[in-house]
Amino acid sequence: MDAAKDVTAVFSSPSEPTLVVYTDGEGSGTVTSDPAGIDCGITCTFGFPASTVVTLTATPTAYSEFTGWSGEGCSGTGSCVVTMDAVRTVTATFTHVAYPLTVIKTGSGAGTVTSDPAGID
């Protein structure tokens with residue numbers, strides 16, 4: 001091994017398979033489930049009774065955008081529906097939203113406009 005590695009081991013009973021939810025990307029947000037059990041940010045797990053149909057919803061925080069699901073057949077930006085017949089892993093990806101700033105100098109005077117953080121000069 002040439003670098004540090006993260007490993008997650010998930011153990012569950014056959015009657016309550018575990019749903020593992022990760023978030024990824026430069027943005028941030030939370031994922032909740034119906035029925036209740038998942039309500040988390042970066043990583044969480046919850047054991048649901050076998051055959052339970054779980055609907056996951058991703059909610060971005062301010063200045064973030066939910067860009068999609070991966071894992072367990074989920075895709076797109078709508079809800080993710082998972083049937084709990086085995087351990088399931090799903091990832092919600094959030095990106096950081098950057099808004100442009102335009103500065104327009106008007107008037108007959110002279111001067112400069114700068115910004116902190118840097119970017120406008």
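Tutor: Happy to! A disulfide here is a pair of cysteine sulfur atoms within 2.5 Å. In this predicted model, cysteine 74 and cysteine 80 meet that description, with their sulfur atoms 1.9 Å apart. The torsion about their S-S bond is about 65 degrees, so this link is right-handed. Both ends, cysteine 74 and cysteine 80, are buried.

A search of the whole structure gives two disulfides. The other one joins cysteine 40 to cysteine 44, with 2.1 Å between the sulfur atoms. This link is left-handed, with -40 degrees about the S-S bond. Cysteine 40 counts as buried because its relative accessible area is 8%, under the 20% limit. Cysteine 44 is buried as well, at 14% relative accessibility. Counting the bonded cysteines along the chain, the pattern is 1-2, 3-4.

In β4, cysteine 44 stands opposite valine 21. β1 and β4 run antiparallel and are joined by five bridges. They belong to an open sheet of four strands, ordered β4-β1-β8-β6, with mixed pairing. β4 (43-47) and β6 are the edge strands: each has a single partner, so one side of each has no neighbour in the sheet. From one strand to the next, the twist averages 20 degrees.

In one of them, phenylalanine 46 and phenylalanine 48 lie edge-to-face, 4.8 Å centre to centre, with 65 degrees between the planes. Phenylalanine 46 is partly exposed, at 32% relative accessible area, while phenylalanine 48 is buried, at 2%. Phenylalanine 66 and tryptophan 69 also form an edge-to-face pair, with 5.1 Å between centres and 65 degrees between planes. Here phenylalanine 66 is buried at 10%, and tryptophan 69 is buried at 6%. Together with Phe94, these two residues, Phe66 and Trp69, make up one aromatic cluster.

Tryptophan 69 also takes us across to β8. Threonine 91, in strand β8 (residues 88-96), has Trp69 among its contacts, along with Tyr22, Thr23, Asp24, Gly68 and Ser70, once neighbours within four places in sequence are left aside. At 17% relative accessible area, threonine 91 is buried.

Most residues other than glycine have a negative phi, and most peptide bonds are trans. Glutamate 72 lies in the loop between β6 and β7. Its phi is near 55 degrees, a positive value in a residue other than glycine. With a relative accessible area of 33%, glutamate 72 is partly exposed. Serine 51, in the loop between β4 and β5, has a positive phi too, about 75 degrees. Serine 51 is exposed because its relative accessibility is 57%, over the 50% limit.

There are cis peptide bonds to point out as well. One joins aspartate 34 and proline 35, with omega about 5 degrees, and this proline sits in the loop between β2 (29-34) and β3 (39-40). Another runs from aspartate 116 to proline 117, with omega near 10 degrees; proline 117 is in the segment after β8.

Definitions and conventions:
Residues numbered from 1 in each chain as written. Predicted model: local features only at pLDDT ≥ 70, side-chain atom pairs only at ≥ 80, totals over all residues. Heavy atoms only, no water. Helix = DSSP H or I, 4+ residues; strand = E, 2+ residues; numbered from the N terminus. Buried < 20%, exposed > 50% of the residue type's maximum accessible area, 1.4 Å probe, protein only. Contact = heavy atoms within 4.5 Å. Pairing = 2+ DSSP bridges. Axes fitted to C-alpha atoms, helices over the stretch in contact; angles between N-to-C directions. Phe/Tyr/Trp six-rings, centres within 6.5 Å; stacked < 30°, edge-to-face > 60°.
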